[in-house]
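Let's take a walk through this one together. Have the sequence and the 3D view ready, and we'll go stop by stop.

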Amino acid sequence: MAQFFDIHPDNPQPRLLKQAAALLQKGAILAVPTDSSYALVCHLDDKQAVDRLRRIRQVDEKHHLTLLCSDLSALANYALVDNKQYRLLKLATPGPYTFILEATKEVPRRVSHPSRKTIGLRVPDRKGLQMLIDLHGAPLLATTLIPPGETEPLNDAQEIRQRYEHQIDAVIDAGACPFEPTTVIDLTPMGSGGDPVVLREGRGSLSAIGL
């Protein structure tokens, strides 16, 4: 049965988040609230956990997984970013945006897109999640928690616990999430002089970042 961590949304309890971070180090799958909807997360370098994450979501290796970073400084280790791309990232982070960028060699091949060698990255604007990433000591690999066969992400911790208590290891409850996924923008064309491509318009405002 999944553990349940009741976290204060504005003043997250470090003791509880340390327990959650310890589970991630042991290969756990957690359901965590973000600034868009709930997501499933695991340790980036744990192949068994990554494979399990995909099985729970029922997505194949062509489905983009996302790296959740606590701030922009972590991005350079995992994505190739030029000055134009960085300026756009700075405008949009932290916030409900996912950016597709060219992956560096630090990203295991199993989690980057197999044909394009790209990765999705985001910096969520959610205090407890940022603290969890910091306690974990590295970005978390994530996918939006959309149940197989459904189109809407889940945003209620109690419902997630009931539906996934035998599939995941823990649920973090920090209050309801917005009921809308991130805006997804492909920045890879900018590397060759092109324009960003909006792949999905979600909670992140395009006009707020000049698109």
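Predicted model: local features only at pLDDT ≥ 70, side-chain atom pairs only at ≥ 80, totals over all residues.

Begin at strand β2, which covers residues 30–33.

Now look at who β2 pairs with. On one hand there's β3, residues 38–43, which runs antiparallel to β2 and is joined to it over 4 bridges. Between these two strands sit 4 residues, and the whole arrangement is a hairpin. To find your place in it, look for V32, whose bridge partner in β3 is A39. Strand β9, residues 170–173, also pairs with β2, but in the parallel sense and over 2 bridges. Here A31 has V171 as its bridge partner.

Next, the rings. Searching the whole structure turns up 1 aromatic pair. It's made by Y97 and F99, whose ring centres are 6.1 Å apart with planes at 15 degrees, so the pair counts as stacked. Both Y97 and F99 are buried.

Our last stop is the largest pocket, with a volume of about 340 Å³. It has 21 lining residues, and nearest its centre you'll find H64, T66, T144, V184 and R200. Sorted by class, the lining holds 10 polar, 8 nonpolar and 3 charged residues.

How values were computed:
Residues numbered from 1 in each chain as written. Heavy atoms only, no water. Buried < 20%, exposed > 50% of the residue type's maximum accessible area, 1.4 Å probe, protein only. Pairing = 2+ DSSP bridges. Phe/Tyr/Trp six-rings, centres within 6.5 Å; stacked < 30°, edge-to-face > 60°. 1 Å grid on protein atoms, 1.4 Å probe; cavity = no way out; pocket = protein on both sides within 12 Å on 5 of 7 lines; lining within 4 Å. Points joined across faces, edges and corners; volume = space filled by probe spheres on them. Nonpolar A, V, L, I, M, F, W, Y, C, P; charged D, E, K, R; others polar.
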